[in-house]
Amino acid sequence: MTATPGSVLARPDVAAFRAAMGRFPTGVTLLTLGSGDTTTAMTLNSLTSVSLDPLLLLVSVRTDGRMRPLISRARGFAVNVLGEEQRPLAQEFARSTRPEGQAAMTRLAAVPGATGHAVLPAAESSFECVLEEEREAGDHTLFLGRVVALGTADGGPRPLVFHQGAFTRLPARPLSD
C-alpha cells in the first residue's frame with residue numbers, strides 16, 4: 001500500500017515507510033573500526049546524539065551485515081561526519097566491494113585515533129567511542145557508544161547531506177529568523 005499526498009496509512013508497508021523516512025534529511029558519516037591492516041569502514045547515516053552527561057551517541061547497523069560482529073568484538077568504533085567534498089568516499093564505502101585494510105586506510109587518508117580506530121582528519125567531525133551497550137532492534141543492531149575523543153575540521157562546516165534518496169547540500173548560510 002503506497003501513501004498518497006495527505007493520506008494516512010493504517011498499515012504502512014516498507015516502500016511507504018522508506019519514502020516517508022526519505023523526507024527526513026540526514027548527515028552522512030563513515031563508521032570505522034580498526035586501523036592499518038585491520039581497517040573496516042562503511043557509509044552510515046543513522047547517527048544520533050543521545051546524551052551530554054555522559055557523552056553518548058547511537059549508531060544502527062544491519063544485524064546480518066559484516067560490521068555488527070566486528071563492532072561487538074572491538075567493543076568500540078569511530079564515526080566520521082563527511083563534508084560535501086567527501087561524497088565520492090560516501091558512495092565508495094556504501095558498496096559491498098568497498099576497500100578494507102590498508103587500502104581503506106589509504107583511500108580515506110585516515111590516521112589511527114586515540115582508541116585505535118581510523119579517523120579522517122578532513123572529516124567535519126569525528127567521534128571515537130567505546131561500546132556502552134548493544135541491542136537488537138528488528139533487522140538492525142543499535143550500538144550505544146561513549147564518546148572518549150572527538151575532533152573537528154578547520155574551516156566552516158559544509159556537511160554532506162542525504163535527502164529523498166540523493167545527496168544534497170545546505171544553504172551557504174544558515175537561514176535567519
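Modeller: Before we start: two strands pair if DSSP finds at least two bridges between them, and strands here are DSSP E runs of at least two residues, helices H or I runs of at least four, both numbered from the N terminus. This is a predicted model, where local features need pLDDT of at least 70 and side-chain atom pairs 80 or more, while totals for chains, interfaces and linings use all residues. Residues are numbered from 1 along each chain as its sequence is written, and side-chain values use heavy atoms, leaving out hydrogens and water.

Colleague: OK, how many bridges join strand 9 to strand 10?

Modeller: Strands of a sheet pair through backbone hydrogen bonds, parallel or antiparallel. Here, strand 9 (125-137) and strand 10 (140-152) run antiparallel, joined by twelve bridges. Within that pair, Phe127 sits opposite Leu150 of strand 10.

Colleague: In what order do the seven strands form the sheet?

Modeller: The sheet is open and antiparallel, ordered 3-2-6-9-10-5-4. Strand 3 and strand 4 (47-52) are at the edges with a single partner strand each, so one side of each has no neighbour in the sheet.

Colleague: And which strands does helix 2 touch?

Modeller: Contact means heavy atoms within 4.5 Å. Helix 2 (67-74) packs on the sheet, touching strands 2, 3, 5, 6, 9 and 10.

Colleague: Is Thr39 buried or exposed?

Modeller: Buried means under 20% relative accessible area, exposed over 50%, partly exposed in between, with a 1.4 Å probe and protein chains only. Thr39 has 1%, so Thr39 is buried. Thr39 lies in the loop between strand 2 (29-33) and strand 3 (40-44). Beyond four places in sequence, its contacts include Leu33, Glu100 and Met105.

How values were computed. Axes are lines fitted to C-alpha atoms, for helices over the stretch in contact, and angles run from 0 to 180 degrees between N-to-C directions.
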